[in-house]
Amino acid sequence: MKRIQHLLAGLALVAAPVAAQNLPPTPFAQSVKSEAGKQTLEMIEKVNDYWQSHHPAECRGFWDNAAYFTGNQAVYEMTGKQAYLDYALRFARHNRWMGATERDPKRWEYKTYGEGMRHVLFADWQICFQIYIDLYKLEHRAERLQRTLEVMNYQAAMPDRDFWWWSDALYMGLPIFTKLYTVTGDQRLLDKQYECFVWTDSLLFDKDDQLYYRDAKYVYPKVTTACNNGKSFWARGDGWVLAGLAKVLQDLPKDSKYRPFYVQRFQQLAEGVARTQQAEGYWSRSMLCEDDAPGYETSGTAFFEYGLLWGVNNGLLNRAKYKPVIDKAWTYLSTIALQADGSIGFVQPIGEKPDPTRTVDAHSQAPFGTGAWLLAACEYVKYVNASK
């Protein structure tokens with residue numbers, strides 16, 4: 001009965017269309033004075049224009065595509081360019097403002113990987129809700145938030161807490177709760193978010209190396225590396241976590257009782273990440289053993305750069321300490337990952353581990369890699385702007 005009451009209360013927020021539109025503030029780009037910032041803005045638009053001119057907005061709302069759209073949202077907020085907003089709206093309308101579409105909650109699944117429509121509670125099908133919430137904030141139309149509220153209120157009322165059993169989910173699903181809280185003010189969302197994060201953290205966080213395993217299959221010594229049979233940490237997996245924690249902290253109230261724990265893990269993970277950077281500025285797919293999968297990799301590097309930049313820009317990481325790491329990473333992202341035509345290369349294809357059998361070169365592109373690069377670049381503009 002309580003679950004139904006919570007659901008109805010949430011749906012009441014969007015029961016009727018609201019004509020009023022909350023226009024975004026003046027785009028940050030207009031305040032940029034430094035040459036480095038202006039040059040980065042040019043790169044950002046070139047990259048986003050390239051992606052949108054080569055890929056239709058009408059694609060499924062699964063994690064691989066939706067991760068790009070989180071980057072596109074950051075670019076829209078920075079530039080105010082209408083074309084970027086229109087592209088996001090086309091994506092949302094194509095997906096009917098939904099993730100997985102199964103209607104009956106009794107059939108909703110999450111405990112195993114699945115791309116089917118019954119995996120409504122599976123975080124890879126929920127990341128699109130982050131986009132819908134952002135778009136709802138711009139224009140309060142009921143259809144933009146209805147499915148998000150239906151699913152997330154149901155999930156918040158469930159007794160289960162093992163929703164995020166793999167590290168990627170801490171980017172896909174974890175930030176939804178705080179983002180939705182900024183709309184509803186419902187404390188239950190923050191309570192459930194913390195409860196579930198603690199469960200995942202206890203499963204995957206290695207306190208000695210200050211890094212997260214991708215999932216329970218990889219917890220040492222189940223999987224070892226070629227380097228003295230050491231621990232295996234996957235760069236993009238940890239990138240998802242650092243970026244996800246940044247998004248949570250962006251929206252979490254400053255006085256939340258849960259904030260100290262999120263800050264602690266964010267800072268610890270940042271330290272673990274910084275220690276494992278390669279000399280050329282990138283992070284290898286196997287963070288402690290590049291021999292496992294040698295060569296450049298952009299998606300993990302870009303998510304790390306975004307998280308570190310966000311931490312410095314928001315006063316949670318020491319600027320002087322992380323500046324060398326940030327500067328080297330940006331050199332890689334802006335001169336090696338970024339190609340002359342505006343594409344982003346050296347992105348490891350879809351996977352779950354440092355896989356040396358998968359080709360990663362200048363032509364290796366993916367929506368999530370481009371989205372990660374855009375997130376990092378937008379934070380870099382703020383970073384160089386603050387240094388002037």
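R319 touches V312, Y383, A386 and S387, where residues up to four places away in sequence are not counted and contact means heavy atoms within 4.5 Å. This residue is placed in helix α13 (residues 319–337); helices (H or I, at least four residues) and strands (E, at least two) are DSSP runs, numbered from the N terminus. R319 counts as partly exposed because its relative accessibility is 30%; buried means under 20% relative accessible area, exposed over 50%, and partly exposed in between, with a 1.4 Å probe and protein chains only. Between the C-alpha atoms of R319 and L309, which are 10 residues apart along the chain, the separation is 8.9 Å.

The model is predicted, and local features need pLDDT of at least 70, side-chain atom pairs count only at pLDDT 80 or more, and totals for chains, interfaces and linings use all residues. Residues are numbered from 1 along each chain as its sequence is written, and side-chain values use heavy atoms, with hydrogens and water left out.

Helix packing was examined next. Two packed helices are described by the angle between their axes and the distance between the axes. Axes are lines fitted to C-alpha atoms, for helices over the stretch in contact, and angles run from 0 to 180 degrees between N-to-C directions. Helix α5 (residues 128–138) packs with helix α6 (residues 142–157) at an angle of about 130 degrees, and their axes lie 9 Å apart. The pair α5 and α6 is therefore oblique; angles under 35 degrees count as roughly parallel, over 145 as roughly antiparallel, 65 to 115 as roughly perpendicular and the rest as oblique. The crossing of α5 past α6 is left-handed, a term applied if the near helix is turned anticlockwise from the far one by less than a right angle, with right-handed used if clockwise. On the α5 side, the contact is made by F129, Y132, I133, L135 and Y136, and on the α6 side by R144, L145, R147, T148, V151 and M152. These contact residues comprise 8 nonpolar, 1 polar and 2 charged; Ala, Val, Leu, Ile, Met, Phe, Trp, Tyr, Cys and Pro count as nonpolar, Asp, Glu, Lys and Arg as charged, and the others, Gly among them, as polar.

Helix α5 also packs with helix α8 (residues 174–184), at an angle of about 15 degrees and with the axes 10 Å apart. The two helices α5 and α8 are therefore roughly parallel, and α5 passes α8 in a left-handed crossing. In this contact, F129, Q130, I133, D134, Y136 and K137 of α5 meet P175, I176, K179, L180, T182 and V183 of α8. The residues involved divide into 7 nonpolar, 2 polar and 3 charged.

Helix α4 (residues 82–94) contains 13 residues and reaches 18 Å from its first C-alpha to its last, close to the 18 Å expected at 1.5 Å a residue. Its buried residues are Y84, L85, Y87, A88, L89, F91 and A92, and their cover includes α2 (35–54), α3 (63–79), α5 and α6. Just after α4, R96 adopts a positive phi of about 55 degrees.

Backbone features were also found in loops. Q210, in the loop between β1 (205–206) and β2, has a positive phi near 55 degrees and counts as buried at 11% relative accessibility. F346 lies in the loop between α13 and α14 (367–386); its phi is near 60 degrees, and the residue is buried with a relative accessible area of 14%. The peptide bond from Y220 to P221 is cis, with omega near 10 degrees, and P221 is placed in the loop between β2 (211–212) and α10 (235–251).

Technical notes:
Expected span 1.5 Å × (residues − 1).
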